[in-house]
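Please keep the sequence and the structure in view while reading.

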Amino acid sequence: MTRPAPLMLDSLDAAIDALLARIGGPLHVGAPLGLGKPHRLLNALYARVERDPSRRLHLYTALSLDPPGKGKGLEARFLGPFVQRHFGDDFPRLAYVQALKRNALPPHIEVEEFYMQSGAMLGSAQAQQHYASLNYTHVARALGDRGVNAIVQKVARSADGMRLSLSCNTDLTFDAIDAIVARGLPRPLLVAEVDPGLPWLGGSAAVDADFFDIVVSPPGPHPKLFGLPRQPVNDADYAIGFHASTLVLDGGTLQIGIGALADALCHALVLRHTDNAEYRRVLRALLNTGADDPALGPFAEGLYGCSEMINEGFRRLVEVGVIRRKVVDDVELMQRVDAGRASDDDLARLEREGEYLHGAFYLGSPDFYQWLRTLPEDVCRGIGMKRVSAVNELYGGNEALERLQRRRARFFNSCMIATVLGAAISDGLEDGRVVSGVGGQYNFVAMAHALPDARSALMLRATREAGGRLTSNIVWNYGHTTIPRHLRDFYITEYGIADVRGLSDGDCIAAMAAVADARFQSGLLDTARRHGKLRDGVAVPEEAAGNTPEHLRTALAPFRTAGSLPDYPLGSDFTTVEQRLVKALGWLKTGTATRSGKVRAVLAALTAGRCDDAEALGRMQLAEPRGLGERIEARLVGLALKRTA
């Protein structure tokens, strides 16, 4: 059936008028997570409904991106200019997010998220109370249950203006519409906001304009896309990434998350492919054995990327040729490829029609978006944006096909804490507050157990420091669990890999303790013995006694100096001066986390002499300090710059 032509508008207010006119009663609005959220349209809707208590609004979404605040003191001196440059003065901060952070949403407006910007809503009772704990692939069903009657989404427009691309967010829109209609409810009103800066991606991301009911193209100037600032990668991150890289098999499938650990893993895979000799030298510095394994050579066949999120790491892996194994949606052809019986015609079709990277949404830096905008057509055709049900599980469509495509899969995700019995804590705190959300982590862990040659690897730093106190991230138990211990598989810290799939509890405890920081190993083992979970005489291997930051720093120092392990392996959004300041301010924050630490730092700063990094002090507006407070700040920054040079 031909759908009517969409209402084409160039005014946000007119779009809100049309939306309100077509939906009587309460508004149940769905909006994509992350980049695909139409900030300006949502702000216009929020402003209109906020003034009219008779129109209830229930917004269902996730990952409401908000630039960092400008902070206080030294943080403000650094962040102020960076936020202004990176995000732009006109970036439309979401009004409902600002209200949530103040617990100030009006009674007739509710916001329900299934994934939060990490740590952003720990202090918001309204956000915590309306958080929905859902696997990513169950969200569409929940939207059907809630009777969503409108979906708003940012889109890209084709050069001829005839088609629209869901571009960054194919994840839930199609699945949600199907789930809503399957419940016997009307198809939701679909409202698109065209953003000329959003990269165009075709294939399954592209739809005819009449897929939407209302299309609004607000006039310029158009704000920048939200760019995730790329973070530095430290020694622990690199060690985790290199350990993880040894699990990746040529010709296999790769899924990764986001953050410094994923960046380190991608850099390790790049080095493995482009400079295998140096890659093995790094491994020898980290491993006792295994660095000379022939299986750790460059990628002859390449990998197929299948990940809910396409990010900076995948960009780099595509650029150097690691991600290049193509798949097609043809079971019989994939069976012949898997069995080594593919004909020349099969291989030609695979090369012509195949895709090497599938994702459900993308998010990254401004450089990443520019890369997508300027991809050659033949390279761009290899990227397929899919429904989340097609990417995150085996049971959303053609299971036989997906099993063939996802051979030798390795699913890498991060967690905050792990227990010695093999459970993972990734999304929430012991007191019940949500840090982020489950997202797709459970999906990938479960998929790893469902595929015969797949593995799940959860990566975490062995320790964390807060308030001047060092704590192990490998613990006896915890009051919250994201991944249950019966799904335990690989755990990776900077000190190695614990292969705990299928192990008994006692063996699992010993393996987890062996990758813990040496300062916490005996306590973990003693607790296990006290509870009858570990027999007397079990100890960590002798080499695990060297699980210390100092040992790691010494092992990786030559590669840091040589440039093989750069601070920003995937590029940086900070200037060269800001990169020095990021390191210095991080050192200063750690060193002044306690009252005694602050006193020691101030005394050291006052006796250390002046800093000769005038460029960095100028960037912090401290080149010519005025007053006692600024002079102390200048000395503290100078001390930190010297200590981290």
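## A covered helix

In helix α8, the buried residues are Asp235, Ala236, Asp237, Tyr238, Ala239, Ile240, Gly241, Phe242, His243, Ala244 and Ser245. Buried means under 20% relative accessible area, exposed over 50%, and partly exposed in between (1.4 Å probe, protein chains only). Helix α8 covers residues 235-245 and is mostly covered, with 11 of its 11 residues buried. Helices (H or I, at least four residues) and strands (E, at least two) are DSSP runs, numbered from the N terminus.

The model is predicted: local features need pLDDT of at least 70, side-chain atom pairs count only at pLDDT 80 or more, and totals for chains, interfaces and linings use all residues. Residues are numbered from 1 along each chain as its sequence is written, and side-chain values use heavy atoms, with hydrogens and water left out.

The N-terminal end of α8 is capped by asparagine 234, which has a side-chain oxygen 3.1 Å from the backbone nitrogen of alanine 236.

## Pocket and cavities

Two or more lining residues come from each of α10 (276-286), β22 (496-499) and α21 (549-562).

On a 1 Å grid over the protein atoms alone, a cavity is a set of points where a 1.4 Å probe fits but cannot get out, while a pocket is an open set with protein on both sides within 12 Å along at least five of seven lines; lining residues have an atom within 4 Å of a point. Grid points are joined across faces, edges and corners, and a volume is the space filled by probe spheres set on the points.

The structure has 4 cavities of 30 Å³ or more. The largest cavity holds about 200 Å³ of space. Among its 20 lining residues, Ala31, Tyr60, Val139, Leu143 and Leu172 are the closest to its centre. At least two residues of this lining come from each of β3 (57-61), β4 (109-113), α6 (139-145) and α7, and α6 gives the most, with 3 residues.

The second largest cavity holds about 120 Å³ of space. It has 15 lining residues, and His39, Phe91, Pro92, Lys154 and Lys224 lie nearest its centre.

The table gives the linings by class. Ala, Val, Leu, Ile, Met, Phe, Trp, Tyr, Cys and Pro count as nonpolar, Asp, Glu, Lys and Arg as charged, and the others, Gly among them, as polar.

| Space | Lining by class |
|---|---|
| Second largest pocket | 13 nonpolar, 9 polar and 2 charged residues |
| Largest cavity | 13 nonpolar, 3 polar and 4 charged residues |
| Second largest cavity | 7 nonpolar, 2 polar and 6 charged residues |

Helix α7 (residues 173-182) contains aspartate 175. Aspartate 175 counts as buried, at 12% relative accessibility. Its side chain makes a polar contact with the side chain of serine 389, at 2.9 Å. A polar contact is a pair of N or O atoms within 3.5 Å; within protein, one must be able to donate a hydrogen and the other to accept it, and residues adjacent in sequence count only if both atoms are side-chain atoms.

## Strands

Two strands pair if DSSP finds at least two bridges between them. Strand β14 (residues 409-414) is mostly covered, with 5 of its 6 residues buried. Strand β10 (residues 253-255) is joined to β14 by 3 bridges, and the two run parallel. Here leucine 254 stands opposite arginine 410 in β14. β14 also pairs in the parallel sense with strand β17 (residues 455-459), over 5 bridges, and asparagine 413 stands opposite leucine 458 in β17.

Strand β15 (residues 417-419) and β16 run antiparallel and are joined by 2 bridges. Alanine 418 has alanine 424 in β16 as its bridge partner.

## Cysteines

How many disulfides does the structure hold? There are 0 disulfides, a disulfide being a pair of cysteine sulfur atoms within 2.5 Å. The sulfur of cysteine 306 is 15 Å from the closest cysteine sulfur, in cysteine 266, which is too far for a bond. Cysteine 266 is buried at 1% relative accessibility, and cysteine 306 is buried with a relative accessible area of 2%.
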